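Reader: I have a model open and want to go through a few spots in it. Can you take me through them?

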Amino acid sequence: MFSFSHSRDQTIHILRYLIFPVQFLEMRSLLILIFALGVYSRFFADGCPENFCEPGQTCCIWPPDRYSCCAPVNPVCCSDGQHCCAFQCCPDSLTCCPQGTQCAPDSRSCIQGHMQYPANASANALL
């Protein structure tokens with residue numbers, strides 16, 4: 001059997017001193033995690049604030065911290081965040097190429113194997 005030289009009140013005080021910081025740290029960590037998840041889901045889950053775009057639209061980000069929406073028929077955001085394409089945007093963000101093709105270096109045409117096709121104009125994003 002163990003014997004303590006502390007009184008019951010002193011023992012409880014010591015235990016509270018040892019346990020409270022652990023509980024406080026765990027609670028603080030939990031609160032930080034909840035806050036971080038809330039911020040993440042509000043602003044970064046799909047890159048845009050919650051409910052910024054209508055259902056079915058794609059939310060696009062364009063610097064600095066501005067947003068636009070692409071309609072369901074052109075769901076791909078171009079790199080400028082202001083234009084949308086059905087499948088892929090060319091580097092100029094003003095033209096698009098269909099699935100299975102690649103943008104030519106001049107962004108004016110689409111390449112599939114040895115064939116070249118005119119690139120399509122991108123659609124304006126909804127601001």
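Author: One term before we start: contact means heavy atoms within 4.5 Å. This is a predicted model, where local features need pLDDT of at least 70, side-chain atom pairs count only at pLDDT 80 or more, and totals for chains, interfaces and linings use all residues. Residues are numbered from 1 along each chain as its sequence is written, and side-chain values use heavy atoms, with hydrogens and water left out.

Reader: Ser-109, then. What is it in contact with, beyond four places in sequence?

Author: Cys-97, Gln-102, Cys-103, Ala-104, Gln-116, Tyr-117, Pro-118 and Ala-119.

Reader: Buried or exposed?

Author: Ser-109 is buried, at 10% relative accessible area (buried is under 20%, exposed over 50%, partly exposed in between, with a 1.4 Å probe and protein chains only).

Reader: Which strand is Ser-109 in?

Author: E8, residues 109-112; strands are DSSP runs of E, at least two residues, numbered from the N terminus.

Reader: And the sheet order?

Author: E7-E8-E9, an open antiparallel sheet. E7 (102-103) and E9 (115-118) each have a single partner strand, so one side of each lacks a neighbour in the sheet. Two strands pair if DSSP finds at least two bridges between them, and E7 and E8 are joined by 2.

Reader: Switching to Ser-79. Where is it?

Author: In the loop between strands E3 (76-77) and E4 (83-85). Ser-79 counts as exposed because its relative accessibility is 63%.

Reader: What does its side chain make a polar contact with?

Author: The side chain of Ser-93, at 3.1 Å. A polar contact is a pair of N or O atoms within 3.5 Å; within protein, one must be able to donate a hydrogen and the other to accept it, and residues adjacent in sequence count only if both atoms are side-chain atoms.

Technical notes. Helices (H or I, at least four residues) and strands (E, at least two) are DSSP runs, numbered from the N terminus.
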